[in-house]
Amino acid sequence: VGHGKRKLIIATICSNQVIEMQVYTPFEANNSYKKTLKIVVSCAIFAVACIFISQAGTNTLAQGASVRRTSATGAMYRQPASMLRANPMSKAVGLNRNIFANAFALPDLPWEKEALKPHMSPETIDYHYGKHHAAYVNKLNDLTKGTDKESKTLEELIKSESGVLFNQAAQSWNHEFFWNCLSPNGGGEPSGDLATAINRDFGSFAAFKEAYDKAAVGHFGSGWIWLVADASGKLSIVDTHDAQNPMTDGLTPIITTDVWEHAYYIDYRNARPKYISDGWWSLVNWEFAGKNFAAVKNLAEVA
């Protein structure tokens, strides 16, 4: 109010901010009606758009939470026992694709990390599984992101790739297989068809164990020791360096022992023979090995 004349104050507000304020006489207010209405409508449209974008971003981030885990105590994505299959979401295309999703995930351990004491400590599991194994899976996702290789299984990548991509896929597979070769209820000797096959192909379990020890202790550098079966079901022991996997030679793994130093250095320092004698043979999962051999035997009988 000024000099007895009425005046109208019109404030235009958008997103809790005053973006325009004018002082009008009633006559001027009528003339500015259209201008004010346009501003209000524009602000309303802008506010709705902001809400929509914010909600969409929240949903996308929630759906795309990274599967990377670096602690053995963290909740991991559970995968089928057939070894780290590609995430079905990785096959999505176009607008329906979750660009934040990873194709491969670190699987759950088949036991609690304390379960293998005293033969393998929780600290070893934390480093070996939570850091080394996780790093291979993360690197594999980095290498396959946005390519057709995201939809392949680890077995397919192992049999078709080479170089750094092969190394990450093979080490991801090798480690999950290794965890399943260990059990808090392991040790002792196998039974059933696997025991029969070991006696047939090695002469006795004692002879097999001696040959396996020799390969594990004598392996130079980093790698893996495997009990494998060929297509006919005949068993043999092979050692592979670095990330190599016997599947590339048409052989089927039955059990494996990780002889990279990070598998045993925390618990046994540089004493690999003690790791094999006190650790591996006390934990070996013959039930898992028996199932792997039974699958080979069944295929051989069908063939």
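Lys297 has a relative accessible area of 27% and is therefore partly exposed, where buried means under 20% relative accessible area, exposed over 50% and partly exposed in between (1.4 Å probe, protein chains only). The model is predicted, so that local features need pLDDT of at least 70 and side-chain atom pairs count only at pLDDT 80 or more, while totals for chains, interfaces and linings use all residues. Residues are numbered from 1 along each chain as its sequence is written, and side-chain values use heavy atoms, with hydrogens and water left out.

**Salt bridges**

- The structure holds seven salt bridges, each defined as a side-chain nitrogen of Lys or Arg within 4 Å of a carboxyl oxygen of Asp or Glu.
- Asp193 forms one of them with Lys297, with the closest N and O atoms 3.8 Å apart; because Asp193 lies in helix α6 (residues 192–202) and Lys297 in helix α10 (residues 286–302), the pair ties together parts that are 104 residues apart in sequence.
- Helices (H or I, at least four residues) and strands (E, at least two) are DSSP runs, numbered from the N terminus.

**His128**

- His128 lies in helix α3 (residues 122–144) and, at 0% relative accessibility, counts as buried.
- The side chains of His128 and Asp258 are joined by a polar contact of 2.9 Å, a term for a pair of N or O atoms within 3.5 Å in which, within protein, one must be able to donate a hydrogen and the other to accept it, and residues adjacent in sequence count only if both atoms are side-chain atoms.
- Leaving aside residues up to four places away in sequence, His128 touches His133, His175, Phe178, Trp179, Asp258, His262 and Ala263, contact meaning heavy atoms within 4.5 Å.

**Strand pairing**

- Strands β3 (residues 223–229) and β4 (residues 235–241) run antiparallel and are joined by seven bridges, pairing being assigned if DSSP finds at least two bridges between two strands.
- The two strands form a hairpin with five residues between them, and Gly233 in the turn has a positive phi of about 95 degrees.

**Backbone geometry**

- Most residues other than glycine have a negative phi, and most peptide bonds are trans.
- The peptide bond from Lys117 to Pro118 is cis, with omega near 0 degrees.
- Asp242, although not a glycine, has a positive phi of about 55 degrees.
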